Amino acid sequence: MRTARSGVQIPAQWRAFLCGLVFLASCLLAATASDWVPYLSPLFSSALAPDPDAKLPAPTRYSFRGIHTTMMRGIDAPLRIKLEATVPAELSDVLAFYRTELGKLGWQEKLDGAVVAADHVQLTFDSPLGPAMLELGRRDSSTLVNLVQRNRDAATQANVMPEPGQAKLVFSNISETEAVLTINQRTIKRAIGANAVALDLPPGKYSYELSVPGHPATTNILNFAAGDTWELTVGRDGDAWSPLQLY
């Protein structure tokens, strides 16, 4: 029986010569390894670089990133921009990145109410356009980013700017029938084609009900912070849309 084996047979007289070559190569590799080390370190650096194409400051390193803008008809600029991202980096590195990049843009960090913990950060800012907020959290080995900037001038042009210390709710009905909103012990009816109506509310949690003939009533709870503007809309088919934060 013959047995087939893979491999290369080397004559005995060449084995010593080849062993010498291998030894020489290993010495050269060891001698030059120290030259490679400084060039390897940037590949594993924790520093985060800004993405020049991002609408809001964001690092080029991310596993997820999404941008959300709130627009109003007739207003060119967004009322609100929200960036969500998942960055495979330590929370402290992401926080350092945002403090640096937001500072370059003239965002001023506010000390009141700031939360900086090992696994959670919540900061508020005064940006050139309006109030802003940065929230960081942890998931597995990544940092979750929630960055929001509001445009004060755009909200004023759209007539949705809340009064100081208050919140605002905008109620719109674009359905083919009357819609009724009940909130804070008030009942507001909007007929077909009626313009949106705005309510000023003190900050807090409010339960509300939206009802349209022929459709089940929709109930929910909204949490209004001072300076927030939310919109409740009844769509053309009579269904209540999910609440939208305008500002």
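Ile183 stands opposite Arg186 in strand E9. Strands are labelled E and helices H or I; these are DSSP runs of at least two residues for strands and at least four for helices, numbered from the N terminus. This is a predicted model, in which local features need pLDDT of at least 70 and side-chain atom pairs count only at pLDDT 80 or more, while totals for chains, interfaces and linings use all residues. Residues are numbered from 1 along each chain as its sequence is written, and side-chain values use heavy atoms, with hydrogens and water left out.

Strand E8 covers residues 179–183 and strand E9 covers residues 186–190. The two strands pair in the antiparallel sense over 5 bridges. Pairing here requires that DSSP finds at least two bridges between two strands. Ala179 stands opposite Arg190 in E9. The hairpin has 2 residues between E8 and E9. In its turn, Asn184 has a positive phi of about 55 degrees.

E8 and E9 are part of an open sheet of 4 strands. The order is E9-E8-E11-E12, and the pairing is antiparallel. E9 and strand E12 (218–224) stand at the edges with a single partner strand each, so one side of each is left without a neighbour in the sheet. Neighbouring strands of this sheet are turned against each other by 25 degrees on average, direction ignored. Such angles are taken between N-to-C directions on a scale from 0 to 180 degrees, with axes fitted as lines to C-alpha atoms (for helices, over the stretch in contact).

Leu222 has a relative accessible area of 5% and is buried. Buried means under 20% relative accessible area, exposed means over 50%, and partly exposed lies in between (1.4 Å probe, protein chains only). The C-alpha atoms of Leu222 and Lys205 are separated by 5.6 Å, although the two residues are 17 residues apart along the chain. Leu222 touches Lys205 as well, leaving aside residues up to four places away in sequence. A contact means heavy atoms within 4.5 Å.

A second sheet was also examined. This open sheet has 6 strands in the order E1-E2-E6-E5-E4-E3, with antiparallel pairing. Its edge strands are E1 (64–70) and E3 (108–116), each of which pairs on one side only. Neighbouring strands are turned by 15 degrees against each other on average, direction ignored. E1 and E2 run antiparallel and are joined by 7 bridges. Within this pair, Lys82 in E2 is the bridge partner of His68.

Strand E6 pairs with both E2 and E5. Strand E2 (residues 80–87) and E6 pair in the antiparallel sense over 8 bridges. Strand E5 (residues 131–139) and E6 also pair in the antiparallel sense, over 8 bridges. Leu147 in E6 has Leu83 opposite, and Leu134 also stands opposite Leu147. The hairpin of E5 and E6 has 2 residues between the strands, and Asp140 there takes a positive phi near 55 degrees. Of the 9 residues of E6, 8 are buried, so this strand is largely enclosed by the rest of the structure.

Asn146 is found in E6, which spans residues 142–150. At 19% relative accessibility, Asn146 counts as buried. Not counting residues up to four places away in sequence, Asn146 touches Lys82, Leu83, Met133, Leu134 and Glu135.

For the protein as a whole, there are 3 helices and 14 strands. Of its 247 residues, 33% count as buried. Among contacts with a separation of 6 or more, 49% come from residues 24 or more positions apart. The accessible surface comes to about 15500 Å², and carbon and sulfur atoms account for 55% of this area. These areas come from the Shrake-Rupley method with a 1.4 Å probe; for residues, only the protein chains shown count as cover.

The average pLDDT of the protein is 85, and 81% of the residues score at least 70. Over residues 1–44 the pLDDT is below 50. This stretch has 3 contacts in the model beyond near neighbours in sequence. The pLDDT is the predictor's confidence in each residue, from 0 to 100. Where pLDDT is low, the predicted coordinates should not be read in detail.
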